[in-house]
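Open the model in your viewer and keep the selection tool ready. This tour goes stop by stop.

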Amino acid sequence: MPWGSLSVGAAMACAGAAVWLLGGRHSGARRARLLLAGGGVVATGPPLWDRARGELARVRGRLRAEWWALAAGLVLAVLGASVLPVAAGAAGVPLLRRIRLARTERRALERRADAVIALCGALAGEVRAGRQPGEALLHAARDSHGLGDAQAAVLAAARFGGDVSGALATAARQPGADGLRGLAACWRVAVDQGAGLAAGLDRLEGALRAERDQRADLRAQLAGARATAVMLAGLPALGLLLGTAMGADPLHVLLHTGAGLGCLLVGAALEGAGLWWALGIVRRAEAA
């Protein structure tokens with residue numbers, strides 16, 4: 001059978017399977033059953049296009065960003081008639097997953113730090129409103145996620161007169177919740193020595209906000225360096241596209257000749273080392 005006819009047949013089979021899955025395997029029998037049992041009123045589902053968009057959205061949600069590396073490798077393997085891009089794409093999946101998880105963790109830390117700042121402000125407002133420290137903490141921490149997994153212990157200590165400062169210090173061990181140590185110190189000083197809790201919370205909130213703004217300003221200043229490093233890392237791909245547009249067939253040279261394979265390995269090693277070194281400088285600057 002010719003390859004053209006085989007491709008058309010495969011495409012038609014895939015389309016039929018998609019329509020069958022989206023419409024339901026027994027949709028006709030189910031509608032007939034509903035018609036006979038319900039007096040002629042059949043509740044139809046959403047249109048086929050809406051269901052197709054919903055299925056596509058669910059697939060997109062399950063498909064993580066790192067799997068696009070494997071997809072790109074498959075495309076390059078087809079274009080270059082070699083399995084090396086598939087192997088490279090598969091090797092890039094765990095690396096991209098690690099980068100995605102690190103970014104997700106950093107966002108979670110930032111959200112927890114913001115929640116701690118909001119908790120300090122809300123607690124100071126409750127104390128100024130005339131509530132007792134324990135009752136004020138119960139009201140302020142009820143809708144706050146800054147305490148994380150230790151929120152139940154802190155609320156129990158505040159409700160039953162336990163060691164609130166100790167519970168806050170324990171909650172401060174969570175990543176991103178370092179500001180709770182300052183809150184525990186303010187609480188200890190206010191309870192033991194009768195100092196003003198609201199004034200200490202105001203100073204603590206101001207210090208945490210200043211630290212957060214400093215980190216955000218530093219990250220904004222380093223964004224240009226990070227973008228430059230990523231752009232330079234993408235220049236080889238631009239070179240491949242230009243070579244293909246000029247008819248030089250760079251994929252064949254890189255994947256099917258000895259000199260091309262050597263250049264590909266050396267270039268990939270230098271590219272990875274340079275990108276790791278440049279981004280390492282940015283990370284160390286952020287950490288400092």
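**Stop 1: the nonpolar patch**

Helix α11 is the top contributor to the nonpolar patch, giving 4 residues. Helices here are DSSP runs (H or I, at least four residues), numbered from the N terminus; strands are E runs of at least two. Before going on, note that this is a predicted model, where local features need pLDDT of at least 70, side-chain atom pairs count only at pLDDT 80 or more, and totals for chains, interfaces and linings use all residues. Residues are numbered from 1 along each chain as its sequence is written, and side-chain values use heavy atoms, leaving out hydrogens and water.

Select Met-231, Leu-232, Leu-235, Leu-238, Leu-241 and Leu-242. Together they make a nonpolar surface patch of about 610 Å². Patch residues have over 30% relative accessible area and no salt bridge; like charges are joined within 9 Å, nonpolar side chains (Val, Leu, Ile, Met, Phe, Trp, Tyr) within 5 Å. A salt bridge is a side-chain nitrogen of Lys or Arg within 4 Å of a carboxyl oxygen of Asp or Glu. Areas come from the Shrake-Rupley method with a 1.4 Å probe, and for residues only the protein chains shown count as cover. Two elements give two or more residues each: α10 (197-233) and α11 (235-245).

Now pick Leu-235 alone. It sits in helix α11. The classes are buried (under 20%), exposed (over 50%) and partly exposed in between, with a 1.4 Å probe and protein chains only.

**Stop 2: Gln-221**

Move to Gln-221 in helix α10. Is Gln-221 buried or exposed? Its relative accessible area is 55%, so it is exposed. Show Asp-217 too: a polar contact of 2.9 Å joins the two side chains. A polar contact is a pair of N or O atoms within 3.5 Å; within protein, one must be able to donate a hydrogen and the other to accept it, and residues adjacent in sequence count only if both atoms are side-chain atoms.

**Stop 3: helix α8**

Select residues 164-171, helix α8. Val-164, Ser-165, Ala-167, Leu-168 and Ala-171 are buried there. They cover an arc of only 160° around the axis, so they lie on the same side of α8. The arc is that of the directions from the helix axis to the C-beta atoms.

Zoom in on Ser-165, buried at 9% relative accessibility. Leaving aside residues up to four places away in sequence, Ser-165 touches Ala-184, Trp-187 and Arg-188. Contact means heavy atoms within 4.5 Å.

**Stop 4: Arg-100**

Finish in helix α5 (residues 84-128), at Arg-100. Arg-100 is buried, at 19%.
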